[in-house]
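Work through the exercises below with the structure open beside you, and try each task before reading its solution.

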Amino acid sequence: MMADIDVEEGGKSVDLTGKRVLVVEDELLIGLELEQSLTDAGCAVAGPVESVDQAKELIAGAALDAALLDVNLNGRPVDEIAGLLADRDIPFAFATGWAADNLPRPFADRPVLQKPFSPQDVLAVLRLLLDRPSAV
């Protein structure tokens, strides 16, 4: 079941300044929107990257505080990326317009940023991720 996000209440007290956030998104404009929203909030953005291989490289080589993942990258599922993030205790949420049935099964309980989204939605989900224990 998808985690419900209350954008009005989600982790308002979490300071995002300097937080390192991986953005994995294959649609250029959406990736740029995510990057802008995060940068405006003071985050350091890794990406956006549009492939599983690029994401794996960043996960292996960068210290990350959180990640936002599209569910499908150019027809390729992101299960492997989600697994790597979970193994490293990096909290992540899915950014998708897809139904919950399309989320990687082991991670179906992760927060979802439903497309289309506003900058406020992006920041609320990120604060929620950073305000929770590492199991998110």
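Rings of Phe, Tyr and Trp (its six-membered ring) are taken as a pair if their centres lie within 6.5 Å, and a pair whose planes are over 60 degrees apart counts as edge-to-face. The structure is a predicted model, and by this rule the count comes to 2 aromatic pairs.

**Exercise 1. Classify the ring pair of Phe92 and Phe94, and then describe the pair of Phe92 and Phe107.**

Step one: the ring centres of Phe92 and Phe94 are 5.5 Å apart and their planes stand at 85°, so this pair is edge-to-face.
Step two: Phe92 and Phe107 also form an edge-to-face pair, with 5.7 Å from centre to centre and 65° between the planes. Phe92 belongs to strand β6 (residues 92-96), whereas Phe107 sits in the loop between β6 and β7 (112-114), so the pair ties together parts that are 15 residues apart in sequence.
Step three: putting the ring pairs together, Phe92, Phe94 and Phe107 are linked into a cluster. Phe92 and Phe94 are buried, and Phe107 is buried as well.

**Exercise 2. Find which residues touch the most other members of the largest nonpolar core, and which elements contribute to this core.**

Step one: the largest nonpolar core has 22 residues, and those touching the most other members are Leu22, Val24, Leu69, Ile81, Leu85, Phe92 and Phe94.
Step two: two or more residues each come from β1 (20-24), β2 (44-49), α2 (52-61), β3 (66-69), α3 (79-87) and β6.
Step three: take Leu85 as an example, which touches Ile59, Ala67, Leu69, Ile90 and Phe92 when residues up to four places away in sequence are not counted.
Step four: another core, of 20 residues, lies apart from the largest one and includes Val14, Leu68, Leu113 and Phe117.

**Exercise 3. Describe how helix α1 and helix α4 pack.**

Step one: α1 (residues 28-40) and α4 (residues 119-130) pack at an angle of about 65°, with their axes 9 Å apart, which makes α1 roughly perpendicular to α4.
Step two: the crossing of these two helices, α1 and α4, is right-handed.
Step three: the contact is made by Leu34, Ser37 and Leu38 of α1 together with Pro119, Val122, Leu123 and Leu126 of α4.

**Exercise 4. Decide whether Val14 is buried or exposed, and list what Val14 touches.**

Step one: Val14 is placed in the segment before β1.
Step two: buried means under 20% relative accessible area, and Val14, with a relative accessible area of 13%, is therefore buried.
Step three: not counting residues up to four places away in sequence, Val14 touches Arg127, Leu130 and Asp131.

Conventions. Residues numbered from 1 in each chain as written. Predicted model: local features only at pLDDT ≥ 70, side-chain atom pairs only at ≥ 80, totals over all residues. Heavy atoms only, no water. Phe/Tyr/Trp six-rings, centres within 6.5 Å; stacked < 30°, edge-to-face > 60°. Buried < 20%, exposed > 50% of the residue type's maximum accessible area, 1.4 Å probe, protein only. Helix = DSSP H or I, 4+ residues; strand = E, 2+ residues; numbered from the N terminus. Core = buried A, V, L, I, M, F, W, Y, C linked by side-chain atoms within 4.5 Å. Contact = heavy atoms within 4.5 Å. Axes fitted to C-alpha atoms, helices over the stretch in contact; angles between N-to-C directions. Parallel < 35°, antiparallel > 145°, perpendicular 65-115°, else oblique. Left-handed = near helix turned anticlockwise from the far one by under 90°.
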